[in-house]
Each structure stands twice: as structure tokens, then as C-alpha cells.
Amino acid sequence: MVTTQTPAGPPPSGNRRRLRRSRPLTPVQEPAGRTAPGPADTEPEPRAGLPDVPSDQPRQLTPAQAFDALYAFCAPALVRQTYLLTGRRELAREAVERAFQLAWQRWPDVARDRDPAGWVRAVAYDCALSPWHRFRPRHRSPEPPPADPADRELLHALLTLPPAYRRTLVLYDGVGLDLPETAAETEASTPAAASRLTHAREAVAARLPELADPAALHRRLLELASAERLGAARPTHVRTGSERRNVFWTRAAIAFTVTIVGATTLTLRTAPTRYEPPIAPAQAVRGVPAVGGMGPLSREERELREKLRKAETSGPGRVFPEAR
């Protein structure tokens, strides 16, 4: 989530204080003439139809309620961050929705994670920066750029960076993570993350000299992320889509297993039960004289042929039907 706190100067070698990712609580102003509530006024009134729950026990949330709360807290800002990585509005929404679908499929593990928002953010960034999107026809044509020329220049400068540099810059100068957290999320060492951040800042400053100051760069990233109206889907839609995808792949796995079992059964039924040696290839037979062709007839053979032609045909008489 893009924060409003600005890191000053180059990345330090040590840890930096983690930026707050939640809004500070503001005191509620009491109306004029109203006195502060006493002990009797602070006790909540029991609601009809609901059991009385002790105030010292936290209310237990269902998995769906906990997921919806995480989605409502992280999804809007995460879509804007992903837009800075890709420059595509539809791809940003799709990557965030896919990340939360995976989170719902693995919700028992995600709910016990130290940073569920960081888990979803890492998956969303991986989905958004996947190189397979270039083969999708819907992502080959460019999307309309931002209306503001300054936003177009900044977005173009971000998209010219390598994906690893762009991700490091957004995490450090946009989200507000410290250097060790940025290195851990980008799966790099701390010196490598610092080098990527330095080169990314230099590349952006070469195109936009007014953003050489990290504070100015942070402010412009906030403005660019907030300029686009990027909405997220409803959490119920995301949970339903995740369940449908899970059912689809389960059925696909079952169908594939049934196909393999059927093919194996058919092979066992039709395969020969004994060894059949292969037929040897044909070979020429040697030592047999070649068959000679018919030559000229001798004098005796010619006389016999003439005699057979002139002799009357002997045999039984012809059979004629007799009328009765």
C-alpha cells in the first residue's frame, strides 16, 4: 500500500523504522454541552437476539470475514501499486484478484502468516510481472496513457526500468518498506537491493531531473498512483471465483486420472499375454535355379498340337430338357 511518509536520502546501510500502514486513530470530538460518559454510560446495551459476550474477549471472525477485512484494507492500494509496475489497468486488477484467490485457497496458512498483506503483495507483484503476459493477445495492444503529460513521462520512465529494478523502486519509494524488507521480498541480498534502488533512481532522474530528490519521487509516485481510478472487485466475487477455480482444477485432475486409468486398463486387456518374436525381414533365397521362360516348340510338340486341334472333342452328350 502506498504510504504518505517519505524516505529521505539514499538507502541506509542499517534498518530503517517500518512505516505505519494503518491510519492513525483520531479522537472523536464530543458535541458542545455534552458531558463525558461515566462508567454506567460506557457499558454497551445488550442487543436483542444476540448472546452477551464478555467485553474482555475479542470477537471471533469467521474465515470469510477475516478475508474480506484483509481484502478491503489492501486491495485498493495494491491495485494502484501494481499499475505502477505494469502500466496496464486491467492487468493490475487481474493480478490483484488472482493473488487474493490464491490467498483464499491457502487461507489457513495465510491467516497465520506474520504479514498476510505482504504475502498477498508478493504474489500480486509476481503475477503482474510474469513474462507470459506478452503472449496474450489482450495485452499486446497498448492501453491509453495517463492524461497528464507529467504522469505519462513518469510512467514511461518506470516501464523502461528492468522488472527487478522497478519492483525495488516501488517497494522502497512507493510502499515505504525498509531496505532489508525490500531485499527479502525481491529475493535478493541487501547490497543487491541497494544497488538496484540506486540505479533505478539514477535512471528516473536522467529522464526527469526534477525527481532526483527521493522525497519528490515519492510524492510523484503517490500522485501517479492516485490519478487513475482503479477499482477492485468485491471480496465475495473473489472468493467465489477462487472456489470455482478450485472446483474446476479438481474436476480436471479427476478427469485426467480417470483417463490414465482407462488407458492403462485398455492396454492391459489388449496387450498380448505371451512373447511374440518379431517377423524377420525378407531375404533373398540363394541356390535355387531361376525359372526359365517358355522357348520355341519342337517338331513333335507342334505335331501334337495340330493333332489335338483337329481331333473331335470327346465327352458326354449334351443334355436337353424333355417336355412332359
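**Note on the salt bridges, rings and core of this predicted model**

1. The side chains of glutamate 223 and arginine 220 come together in a salt bridge, at 2.8 Å from N to O, where a salt bridge is a side-chain nitrogen of Lys or Arg within 4 Å of a carboxyl oxygen of Asp or Glu. Both residues belong to helix α10 (residues 214-227) and stand three residues apart, about one turn of the helix; helices (H or I, at least four residues) are DSSP runs, numbered from the N terminus. Glutamate 223 counts as partly exposed at 39% relative accessibility, whereas arginine 220 is buried, with a relative accessible area of 13%. Here buried means under 20% relative accessible area, exposed means over 50%, and partly exposed lies in between (1.4 Å probe, protein chains only).

2. Some points on reading the model belong here. This is a predicted model, in which local features need pLDDT of at least 70 and side-chain atom pairs count only at pLDDT 80 or more, while totals for chains, interfaces and linings use all residues. Residues are numbered from 1 along each chain as its sequence is written, and side-chain values use heavy atoms, with hydrogens and water left out.

3. A search of the whole structure finds eleven salt bridges. One of them joins aspartate 126 to arginine 167, with the closest N and O atoms 2.7 Å apart. Because aspartate 126 lies in helix α5 (residues 116-128) and arginine 167 in helix α7 (residues 163-175), this pair ties together parts that are 41 residues apart in sequence. Aspartate 126 is partly exposed, with a relative accessible area of 44%, but arginine 167 is buried at 10%.

4. Glutamate 303 forms a salt bridge with arginine 299, and here the closest N and O atoms are 3.1 Å apart. These two residues both lie in helix α12 (residues 299-310), four residues apart, which is about one turn of the helix. Elsewhere, salt bridges that share partners join Asp151, Arg220 and Glu223 into one network.

5. The aromatic rings deserve a point of their own. Rings of Phe, Tyr and Trp (its six-membered ring) pair if their centres lie within 6.5 Å, and planes under 30 degrees apart count as stacked, over 60 as edge-to-face and the rest as tilted. By this rule the count comes to seven aromatic pairs. The rings of tryptophan 104 and tryptophan 107 have centres 6.4 Å apart and planes at 40°, so this pair is tilted. Ring pairs link Phe67, Tyr71, Phe100, Trp104 and Trp107 into a cluster.

6. Tryptophan 104 counts as buried at 17% relative accessibility, and tryptophan 107 counts as buried at 10%. The charged end of arginine 239 sits over the ring of tryptophan 104, 5.7 Å from its centre, a description that requires NZ of Lys or CZ of Arg to be within 6 Å of the ring centre and within 35 degrees of the ring normal.

7. The largest nonpolar core has 50 residues, and those with the most contacts inside it are Phe100, Leu154, Leu158 and Leu169. Such a core is a set of buried Ala, Val, Leu, Ile, Met, Phe, Trp, Tyr and Cys residues joined through side-chain atoms within 4.5 Å. Leaving aside its neighbours within four places in sequence, leucine 154 is in contact (heavy atoms within 4.5 Å) with residues including Val204, Leu208 and Arg220.
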